[in-house]
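Keep the viewer open as you read.

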Amino acid sequence: MARIVAVHASGRFACAHGRRVVSEMETTRKGPMDMNDMVDTRTTGTGLAERVCGGFRKDRRELGPEKAADKWFAPLMDRWNGLLSRDGGGFSHEERVTLAVLATEYLSMRDALILAALREMGGGELHMLYARPHSMESAAVVTCELSRAFKDADCQPDMRRWGGRATALLESVTADAPDGYEAQPMAACAYLMWMADRSTVAAVRALKALALDDDCSLATLVLAAGEHGIRPAWAGRRR
């Protein structure tokens with residue numbers, strides 16, 4: 001199951017945490033590492049994905065889950081926030097493959113990408129989301145942010161940020177992802193398109209994600225919302 005499993009029942013959102021998550025973390029002594037310290041830029045495709053996955057698992061054993069997450073994911077979140085805040089630019093091939101691997105193996109990192117796209121968040125808040133997904137604070141933030149989609153008609157979307165920059169970046173990640181790592185970034189893209197009230201396009205992306213991984217629960221959620229005519233609350237107010 002994905003970390004985010006949103007259920008529209010009696011006007012409430014239920015969030016469930018899955019198996020592949022990262023636990024509490026603390027700042028590394030040396031700070032975030034440059035991407036070139038983590039991957040060989042000459043390695044591409046499946047070989048790069050194997051290096052990323054193996055390197056992250058090795059660091060989790062040697063440094064602990066907290067420091068490993070900070071080393072690998074914090075630099076990517078900084079890049080994500082920066083790219084969402086301006087027009088133009090994008091991830092490098094190495095960054096796209098690394099994001100695809102981490103978002104697939106550790107779904108709390110995928111969820112942090114989604115929530116950071118919905119609104120600007122400080123580093124500490126993001127740190128908590130992908131590093132402490134089981135904490136009460138993290139669960140409260142996730143529930144609050146996602147429930148706004150169904151209940152808060154005043155929650156106006158930033159179309160450039162949600163439906164433009166974030167989805168384009170996620171599609172670039174999917175395009176470079178090796179086999180087995182495409183579904184989660186595609187599902188994240190589908191969710192953001194649904195949030196932007198682009199239900200037809202969202203359904204297409206969700207179907208693609210399910211074709212890649214029929215256990216992708218986030219894609220199932222997006223597809224079910226479209227099939228039942230469920231739209232974000234702000235879109236209902238617009239009518």
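Leu83 sits in helix H2, which covers residues 65-84; helices here are DSSP runs of H or I with at least four residues, strands are E runs of at least two, and both are numbered from the N terminus. Is Leu83 buried or exposed? Its relative accessible area is 0%, so Leu83 counts as buried (buried is under 20% relative accessible area, exposed over 50%, partly exposed in between, with a 1.4 Å probe and protein chains only). Set aside the neighbours within four places in sequence, and Leu83 is in contact with Gly88, Gly89, Gly90, Phe91, Arg165 and Leu169, where contact means heavy atoms within 4.5 Å. Take Leu169 from that list: it lies 86 residues from Leu83 in sequence, yet their C-alpha atoms are 8.6 Å apart in space.

A word on the ground rules. Residues are numbered from 1 along each chain as its sequence is written, and side-chain values use heavy atoms, with hydrogens and water left out. As this is a predicted model, local features need pLDDT of at least 70 and side-chain atom pairs count only at pLDDT 80 or more, while totals for chains, interfaces and linings use all residues.

Now for a helix pair. Two packed helices are described by the angle between their axes and the distance between the axes. For H4 (residues 107-118) and H8 (residues 183-195), the angle is about 30 degrees and the axes are 10 Å apart. (Axes are lines fitted to C-alpha atoms, for helices over the stretch in contact, and angles run from 0 to 180 degrees between N-to-C directions.) That makes H4 roughly parallel to H8, a label for angles under 35 degrees.

Which residues meet there? H4 brings Leu107, Arg110, Ile114, Ala117 and Leu118, and H8 answers with Gln184, Ala188, Tyr191, Leu192 and Met195. The residues of this contact divide into eight nonpolar, one polar and one charged (Ala, Val, Leu, Ile, Met, Phe, Trp, Tyr, Cys and Pro count as nonpolar, Asp, Glu, Lys and Arg as charged, and the others, Gly among them, as polar).

Stay with H8 for a moment: 13 of its 13 residues are buried. After H8 comes Asp197, with a positive phi near 65 degrees.

Zooming out, the protein has eleven helices and zero strands. Buried residues make up 54% of its 239 residues. Among contacts between residues at least 6 apart in sequence, 71% join residues at least 24 apart.

Notes:
Angles under 35 degrees count as roughly parallel, over 145 as roughly antiparallel, 65 to 115 as roughly perpendicular and the rest as oblique.
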